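Welcome! Keep the 3D view open as you go.

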Amino acid sequence: MRLHRKGRAALVLALVAVVGMAFRVSWNALRDIAGAVGADETAAMLYPFVVDGLMALALIATLVLADRDRTFALRVLGAYTVASLVLNYVHGLVPELHGRTVDWGRLADWDPANWALVLLATSLPVGSIYFGSDLVAKVLHHRPAPIPAVSANTEESTETTVKRSTADLPVSTPAPITANARVLPRPVAVGFLKPTVPVKPSPSIGPAPVAPIGRRPVAAESTRPRRATGRVPAVAKSSRSKRTPDQLLAEARTATADWPDAKVTGEGIRRALHTSPANARSLRDTLLAERAATAAEAA
């Protein structure tokens, strides 16, 4: 365990050393870029902390945060890494920056490229203020997920539970004793064996005699016609099921003569004429067509 901790500490120290040397190498480039865009000597000396310092802060926030906040920190880290790379690349391409003889605000000969580089160099301090404050706020308000406490006796308690549950199995139910079965003595311990008197077998019990079932007399069926016990409903006697389409149409015209058009529906005609839904829909269409034709003629 001690060797493992020492190895981790050595790895962290090596990382800090590499980051420090890389920061020193990038120092001159960022300082000269800051002086070329109008920063004074003190601001130019602090400018590398704006870019590379925020990269370190974003890296630490990436290790602490999770989910969407971690993605945000990674994006800030990637953006400032690309910005530092671009500024170091420009510093290597423009020799005048090394001696600080370049014109003020002139980082490239091509005007659009020069405008983009000046905008990038001057916007990094403002971005550091915004993104740095946001990352610090996210880290301070971050609450890590609670780790459930694991008891040291978990395996032992599990094993004990398994053993107890095995011992608590229900006792098997003995088989039922039939009339012809011989009752056997229960087994006893060898040290306490006692002579037992054999039980005589019980006589077999034969099936009880069953009396034959005789045929019962059945009353003869009467040949006289049976009288109706009640009145037959008028609906059952009606012959409306045999009405022709013309008869249905005539009845529908009579029934719906005083109905408005909104009331002429298939369900209303079906209830009024006691017919099928298909016939009711057909009658509805016919009646509405006749009313439309009548209205057109009147107009």
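## Exercise 1: the largest pocket

The largest pocket has a volume of about 560 Å³, a volume being the space filled by probe spheres set on grid points joined across faces, edges and corners. This is a predicted model, where local features need pLDDT of at least 70 and side-chain atom pairs count only at pLDDT 80 or more, while totals for chains, interfaces and linings use all residues. Residues are numbered from 1 along each chain as its sequence is written, and side-chain values use heavy atoms, with hydrogens and water left out.

Task: find which residues are closest to the centre of the largest pocket, and which element gives the largest share of its lining.

Solution: 
1. A pocket is an open set of points on a 1 Å grid over the protein atoms alone where a 1.4 Å probe fits, with protein on both sides within 12 Å along at least five of seven lines; lining residues have an atom within 4 Å of a point.
2. Of the 20 lining residues, Val 19, Ala 22, Asp 52, Met 55 and Ala 56 are the closest to the centre.
3. Helix H1 (2-36), helix H2 (41-64) and helix H3 (67-93) each give two or more residues to the lining; helices are DSSP runs (H or I, at least four residues) numbered from the N terminus.
4. The largest share, eight residues, comes from H2.
5. By class, the lining has 13 nonpolar, six polar and one charged residues. Here Ala, Val, Leu, Ile, Met, Phe, Trp, Tyr, Cys and Pro count as nonpolar, Asp, Glu, Lys and Arg as charged, and the others, Gly among them, as polar.

## Exercise 2: H2 and H5

Task: work out how H2 and H5 are oriented to each other.

Solution: 
1. H2 and helix H5 (residues 111-140) pack at about 25°, their axes 9 Å apart. Axes are lines fitted to C-alpha atoms over the stretch in contact, and angles run from 0 to 180 degrees between N-to-C directions.
2. H2 and H5 are therefore roughly parallel (angles under 35 degrees count as roughly parallel, over 145 as roughly antiparallel, 65 to 115 as roughly perpendicular and the rest as oblique).
3. Residues in contact (heavy atoms within 4.5 Å) include Tyr 47 and Val 50 in H2, and Ala 121 and Leu 124 in H5.
4. The residues of this contact divide into 15 nonpolar, three polar and no charged.

## Exercise 3: H3 and H5

Task: how are H3 and H5 oriented to each other?

Solution: 
1. The angle between H3 and H5 is about 155°, and their axes are 11 Å apart.
2. H3 and H5 are therefore roughly antiparallel.
3. Among the residues that make the contact are Phe 72 of H3 and Phe 131 of H5.
4. By class, the contact of H3 with H5 has 14 nonpolar, two polar and three charged residues.
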